[in-house]
Amino acid sequence: MTVSSNSDVQVAIIGQGVMGHNLALNFSSHGYSVAVFDLDDSLAKATETAALSQQLPGTVNVASDLAQLLSISQQPRRIVLSVPAGKAVDSICDSLLDSGLQPQDIVIDTGNCHWNDTLARQQRYHSKFHFIASAISGGEVGARHGPSLMVSGDSNAWDQIATMWQTIAAQVDADSGQPLPPHSKRSNRHACADYVGPYGSGHFVKTIHNGIEYAQMQMWAEAYQLLRQHGQMDNFAIAAVFRDWQQGQLHSYLLECTIAVLEAMDGHSQQPLLPLIVDAAGQKGTGTWTTIASLELGVAAPSLASAVYARAISSQRALRQALHGNLASPAQPAVELAQLERFQSALEQTLIGTTLANYAQGFELMAAQAQQQQWPLDLVTIAKLWRAGCIIRTPLLQQFVNAFSANPKAHLFSDHTIQQQLEATLPLWRRCLIDGIASGVALPVLSSGLAYVDGLRCADSPANLLQGMRDYFGAHRFERHDASQGTLFHHPWHDS
Ligand SMILES: NC(=O)C1=CN([C@@H]2O[C@H](COP(=O)(O)OP(=O)(O)OC[C@H]3O[C@@H](n4cnc5c(N)ncnc54)[C@H](OP(=O)(O)O)[C@@H]3O)[C@@H](O)[C@H]2O)C=CC1
Ligand SMILES: O=C(CO)[C@H](O)[C@H](O)COP(=O)(O)O
């Protein structure tokens, strides 16, 4: 398609990689006129070609540079950035200003940027243009057919893009929270795109989303490892069990991904794909930022942190190979065939309990950060945004919506329905860990979730011993049960 000479472009997208390409097609599929730009011109042209071959209603215009992108865009311009997080965002914002960006124009960053970088950008570009962070989740399929969009920053600018965002986002039935098909025209629907708070908050929410994503992914990896090592099952048999679980409480998009990966065949060798994939996990930073936030806030998120450490250990491949031969495996035999079904049932309960622990930790982090930053984050809004389109979508999110609607400030485990669900998992969760650990399978997320639950339900923790020790070596002092709160005591350990 030739570039339009009139300024009819309703949304311009810079960066035509995985997300930008699909976002452009999504906008076009809803009839919006789109302009696309990438440093690699062939990527922008590929989007134009795809829109034409899919006969999408909205035009897709390839801009050869930023000046042209601006010249063909309707004012105020809406410019979406879909580029790697970090320096590229600043460099494009500066180039847009050099190319004639105006104060009324709106720049929308959809990358996985650190929330502090977003705060700095707001300072830097304040009054030069309207800046919005619209964190996105859903991967390439979500970007194409309906993502979850967590928007923060300039609320006036949000008002100007809200209709477009809510049009291209994933939709759910407003009452049940059930995802609806793309382009659904159901009247009683709710879009998974909303304003969550001031600058930085949307990127924080996306970071925590990814922290939960890491933990849920690691959870499925540990389940796979337990079934193949302790259960002696092959990947296709594991997938069959997981398909069964997909019909129940564990139903989720990440379980769908897990099954697809377990069953995939390599087109080249005609062999199962999974054994060909190197067992060293990559990471781009959001899991680490979640862990740092939890440490800085002093809020426990052990499962989310354990998932990051598990990726770190996975990448120490050479060391793992060497130690495998040097450190003996436990003598615990694999589960007997007659016991396999019972073990699978225990594992299913373990995964339900672990999932509740993972999400609870994420929501606690957002509540604590909101309080510290004085962000008016609403956990109901966030749980609603994650019900469809995003990577961590699960029907459980509707239960979290209900729990936070009833008690917005309470820990998820304070909710009676969730308590009952969690409690039902505990006996088999313990049993499953005993078996798994005895057979030598590393279970960082499955086990830290249970430790989190046990820690939280412990009325009489051993921290009195810690306080005594701190006072013994460092005269740090302690409170006493038989004195008023806040009064500190030092025991004369070394005088006697
Ligand atoms: N992939 C995913 O599932 C998700 C990604 N994200 C986030 O979205 C953003 C984009 O991700 P993704 O699409 O996967 O990344 P890709 O690397 O696939 O795409 C980014 C594109 O931006 C281009 N680009 C880089 N700098 C510029 C520039 N200055 N001007 C124009 N184009 C530029 C890149 O070109 P080149 O390759 O030549 O540098 C590349 O084509 C990232 O911040 C990512 O973290 C968010 C949610 C999900
Ligand atoms: O944001 C995402 C999904 O929600 C991206 O896919 C992100 O890249 C995932 O993180 P990592 O690359 O660290 O696994």
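Here Ala, Val, Leu, Ile, Met, Phe, Trp, Tyr, Cys and Pro count as nonpolar, Asp, Glu, Lys and Arg as charged, and the others, Gly among them, as polar. Keep in mind that this is a predicted model.

**Exercise 1. The shell around ligand 1**

Task: Find how many residues surround ligand 1, which are the closest, and how the shell divides by class.

Solution: 
- Step 1. Ligand 1 is surrounded by 25 residues, and the closest are Gly-15, Gly-17, Met-19, Gly-111 and Asn-112.
- Step 2. Sorted by class, the shell around ligand 1 has 12 nonpolar, 11 polar and two charged residues.
- Step 3. Now look for the elements behind the shell: helix H1 (18-29), helix H4 (87-98) and strand S6 (130-137) each supply at least two of its residues.

**Exercise 2. A closer look at S6**

Task: Decide which residues of S6 point one way and which the other way, and whether they are buried or exposed.

Solution: 
- Step 1. In a regular strand, side chains alternate between the two faces of the sheet.
- Step 2. From S6, His-130, Ile-132, Ser-134 and Ile-136 point one way, while Phe-131, Ala-133, Ala-135 and Ser-137 point the other way.
- Step 3. A residue is buried if 20 or more other C-beta atoms lie within 10 Å of its own. Eight of the eight residues of S6 are buried, and the strand is mostly covered.

**Exercise 3. From strand to strand**

Task: Starting at S6, trace which strands pair with one another, and in which sense.

Solution: 
- Step 1. S6 pairs with strand S5 (residues 106-109) in the parallel sense over four bridges. Here Val-107 stands opposite Phe-131 of S6.
- Step 2. S5 is also joined to S4 by four bridges, and these two run parallel. Arg-78 has Ile-106 in S5 as its bridge partner.
- Step 3. S4 is joined to strand S1 (residues 11-14) by three bridges, again with the strands parallel. Ile-14 has Leu-81 in S4 as its bridge partner.
- Step 4. Check the two sides of strand S4 (residues 78-81): Arg-78 and Val-80 point one way, Ile-79 and Leu-81 point the other way, and all are buried.

**Exercise 4. Domains and ligand 2**

Task: Say how the chain is divided into domains, and which domains give at least three residues each to the shell around ligand 2.

Solution: 
- Step 1. The protein chain is divided into domain 1 (11-199), domain 2 (207-456) and domain 3 (464-496).
- Step 2. The C-alpha centres of domain 1 and domain 2 are 31 Å apart. Between these two domains, 23 residues of domain 1 are in contact with 21 residues of domain 2.
- Step 3. On the side of domain 1 that touches domain 2, the residues divide into 10 nonpolar, 12 polar and one charged.
- Step 4. Ligand 2 has a shell that draws at least three residues from each of domain 1 and domain 2. Among the residues around ligand 2 are Asn-112, Ser-137, Asn-210 and Lys-284.
- Step 5. The shell around ligand 2 divides into one nonpolar, eight polar and two charged residues.

**Exercise 5. Reading a record**

Task: Find which residues UniProt lists for "binding site", and how far they are spread in space.

Solution: 
- Step 1. In an unreviewed entry, UniProt lists residues for "binding site" that include Asn-112, Ser-137, Lys-284, Arg-311 and His-476.
- Step 2. The listed residues spread over 365 residues of sequence, and in space they reach up to 49.2 Å between C-alpha atoms.

Note on methods. Residues are numbered from 1 along each chain as its sequence is written. Chains are lettered from A and ligands numbered from 1 in the order in which they are written. This is a predicted model: local features need pLDDT of at least 70, side-chain atom pairs count only at pLDDT 80 or more; totals for chains, interfaces and linings use all residues. Domain bounds come from an automatic or database domain assignment. Two residues are in contact if their C-beta atoms, placed from the backbone, lie within 7 Å. A residue is near a molecule or strand if its C-beta atom, placed from the backbone, lies within 6 Å of it. A residue is buried if 20 or more other C-beta atoms lie within 10 Å of its own, exposed if 12 or fewer, and partly exposed in between; C-beta atoms are placed from the backbone. Two strands pair if DSSP finds at least two bridges between them. UniProt positions are given in the numbering used here, feature names are shortened, and annotations may be inferred rather than shown by experiment.
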